[in-house]
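Biologist: Please take me through this structure, and state for each term the criterion that lies behind it.

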Amino acid sequence: MGYQTPYAPTRTELSNCIQCGLCLPHCPTFRLTGKETDSPRGRLTAMSAVLDGIIEIDDTFEETLSFCLGCRACEPVCPSMVPYGRTLEGARAEIAAQRGGVARRFRAWITVSWLGSRAMMNSITFATALVQRCGLARVAPSRFRTGLGGLRRIRWKTPSLQGKRFEPEGAPVATVGFLVGCIMGPWFGEVHQASISLLVRAGYRVVVPPGQTCCGALAAHDGAADGASRMASHNVKAFGDVDYVVADAAGCSAHLKDYAHWVPPDEMGNWQVKDINELIAEAIEGGRLPRSTRRRGGAALQHPCHLRNAQRITDQPRVILEAAGYDPSDIDPMCCGAAGFYSILRPETSAHLGKNKVKEIRQTESTVVASANPGCEMQLRSHLGEGYQVLHPVELYAQALEEDSETTA
Amino acid sequence: MTAALTEKKPGLRDELISLLGTDQVMESALERHLYAKDSGVYTGNPTLVVMIHNAEEVAAVVKAARRHDVPVVARGAGTGLSAGAVPEVGGVVLVTTRMNSIEHIDAENRTAWVGPGVINLDLSNVTIPYGLHFAPDPSSQSACTVGGNIACNSGGPHCLSEGSTVNHVLALEVVTDEGAIVTVGGPAPDPIGLDLRGILVGSEGTLGIVTRALVKLTPNAPDVRTLAVAFPTIEDAAATVSGIIAAGLIPAALEMMDQLMMQVIENWLHAGLPIHAGALLLAEVTGVTEAVDAEAQIISRIAEEHNALSVQVAVSSEERAVLWKSRKSAFGAVAQAAPDYYLHDTVVPRTSLVEAMRQVYEIGKRYEITMMNVFHAGDGNLHPLMAFDASVPGELDKVKAAADELVQICVEQGGVLSGEHGIGIEKRHLMPLLFSDVDLDAQARVKEVFDAEGVFNPGKILPEGSRCFDFGRPVPEGVWV
């Protein structure tokens, strides 16, 4: 049967893997089971075997690829520079196309139709706020409990930022198109506020183009490729003519940087994609944003996989935390187990990784934890429990600057 | 063992499942495909793959396999390059990755008991608090297992001063062909009686299966200097290596790479390698600060006498880490040049380095194969690396023919077949280049003593007919011998 869709992993991508095995120890699932089937090398060999007609897309193939967290920890350590994340999305798109299934179609409906619709997100937000307030989270099925337990306090309704425009004092350094995303707006509105206020203070004009939608990362990771492709095209049109497109969730910025795989080249915009950490750290280092002189103690710095592995961003969050007056200590880069839908689909593996991560955070003895991705944040908060403050680095920085200005006033 | 195992063995399958559980026995087409090969170019066909956790399970698997007349092939991380873990004639692939416990770290006596599935670098990382490390450091050390190191008697850049794996193993717990669990060697450095431990290290899983090892741990050096010296030509770099050894120094490591190799590594790592130079020599000296500074100076002087273009001395651990990362990721980076690679492993006397390298490039030219070189210059261990595209008909055969010639020229120079990768399938047909019939017969007799029925990794190391009275080692059709 081989592959049938345009999303499939290509021979060029796959033949880059020479099976040296240097990825194995960096893979969380290989570390768990020790099986070749659960390693990046094994998964790539499996994808090649389908391409070569040696095996069919069957249950074992599907299990091999759906067990993968998509953390892409194999990518930075690969001397052959295999685009693993891309091939994984392609293979999952093939599995979805060839095998279908009610559960998968249901998930595609969520990732595309729910996350892509503001009205739907508003309803979900209302329902989630209700669940939170009635204490229903405690009686929810266990696979949902981690997610619900890790949420911030959800507002009944958060007005959308779409269509808004924020001008800096003086001539703008550049124009930033800001991605509001799906859950970031209604569930993590404080991160957006911090990001936008810092961008403006750093001299950027921030526009929030109307008509934008969810970036499509979750759809792409889950094999809902047609939907992901539509969402990408939609956003590219919405952002139009800006200098940068910026997202403040690592998963979103990583996916935006991969848009070239999802949008035909003639439709692609001329902008550059940046994660918020990049622009804010750059502004701090360029003297456009201040460094707090107050010392605030230690902060555990968790490196989200889609920041560290997919975008190779590791220094910038540290720069931001230091400017905020914290003394950051790095947490081991192994995936925290949140991984989008993973915590719901495979609660045991997810919880195992989450608990390992929490152990490391406790060892730092910091109660402030910085994480630049909403999924990781929820996972960490849920497993850490009371007594910890888990926030985005830019939030910690914005809070610090505010505290400083209050003290001065 | 008789015929190649093409048919499934339902009886054995059921027995293994009842022994180990369904989840530990893999039998699907995909799972078997993924365990068909290691990092090299040879492919086998496993009948079944089992994950094991302890010596008792290994013993039970060996007994069951033997009852069903099926061979057993042990495998760690599958980073080998000589097909030592490739189930050429089928059989049960026994995966040791879960036997990864590190026990009884004895900081005073500098030893630890480790499972065969422990990753080499993990062991060194775990022993950092004691100021110790496991000395064998093959380039794949971040992924390869101690069990695989023992099987292949692995080396690595630092075996120049520290010796290879056999110098770092004190005792082995081994499952025999009859399924008995025995321990050979002990904490004493020189065991009494025949040194069976010495025979087992490097036997590539053909004599027994190691289930635990008492390894030596080496104190971390108080100070270290790593020099990166650029030369206009490989010859200048090789002459420097001879000069350093002749001056009476034994550096911890002396590594060399050529221009093409530097270019592909630089493309990935951006380590600032001198890509316009003809060769790069990495020299590392360890010891107390005064000594390493003095030795670094001597090395710089010798290098300058041999036309060195630049000498960079890495002092910080970060600078040093980047240099070693560039060296140790070299072979993986080759994919940028071509989709497949054949990483060779041969040894020549240090004094023949210049002539051997000349011939290596000559072979590459004659066969029209991209030849890159990155190797342990200090002990004359060459690693010519051929980049090719196996999907082009005839390419692989051409590369294999060139590989044979490479071994031949090295043996002619007074060298040997393999420095550290092992013989496996890859080089067994070349064994007669180095060993007489009498030698091979003696080795085959040792194999017979340990494994008369050929249950362990059949067909590896010794070419067919090694034993004057050959005991019918199966070689399937189409296998390249």
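Modeller: Helices (H or I, at least four residues) and strands (E, at least two) are DSSP runs, numbered from the N terminus. This is a predicted model, in which local features need pLDDT of at least 70 and side-chain atom pairs count only at pLDDT 80 or more, while totals for chains, interfaces and linings use all residues. Residues are numbered from 1 along each chain as its sequence is written, and chains are lettered from A and ligands numbered from 1 in the order in which they are written.

Biologist: Why are E7 and E9 of chain A called edge strands?

Modeller: The open sheet has 4 strands in the order E7-E6-E8-E9 (chain A), paired in parallel. Strand E7 (326-330) and strand E9 (389-391) of chain A each pair on one side only. Neighbouring strands are turned by 30° against each other on average, direction ignored.

Biologist: Which helix packs on the sheet, touching E6, E7 and E8 of chain A?

Modeller: Helix H16 (residues 315-323) of chain A does so, and its direction makes about 150° with that of E7(A). Contact requires C-beta atoms, placed from the backbone, within 7 Å. Angles run from 0 to 180 degrees between N-to-C directions, with axes fitted to C-alpha atoms, for helices over the stretch in contact. Helix H20 (residues 393-408) of chain A lies across E6, E7, E8 and E9 of chain A, at about 125° to E8(A).

Biologist: Why does A:Arg312 count as exposed?

Modeller: A residue is exposed if 12 or fewer other C-beta atoms, placed from the backbone, lie within 10 Å of its own, buried if 20 or more do, and partly exposed in between. A:Arg312 has 10 C-beta neighbours inside 10 Å and therefore counts as exposed. A:Arg312 is located in the loop between helix H15 (305-311) and H16 of chain A. Its phi is positive, about 55°, although A:Arg312 is not a glycine.

Biologist: What makes B:Arg110 partly exposed?

Modeller: B:Arg110 has 16 C-beta neighbours inside 10 Å, so it counts as partly exposed. B:Arg110 belongs to the loop between strand E5 (102-106) and strand E6 (111-114) of chain B.

Technical notes
Two strands pair if DSSP finds at least two bridges between them. Two residues are in contact if their C-beta atoms, placed from the backbone, lie within 7 Å.
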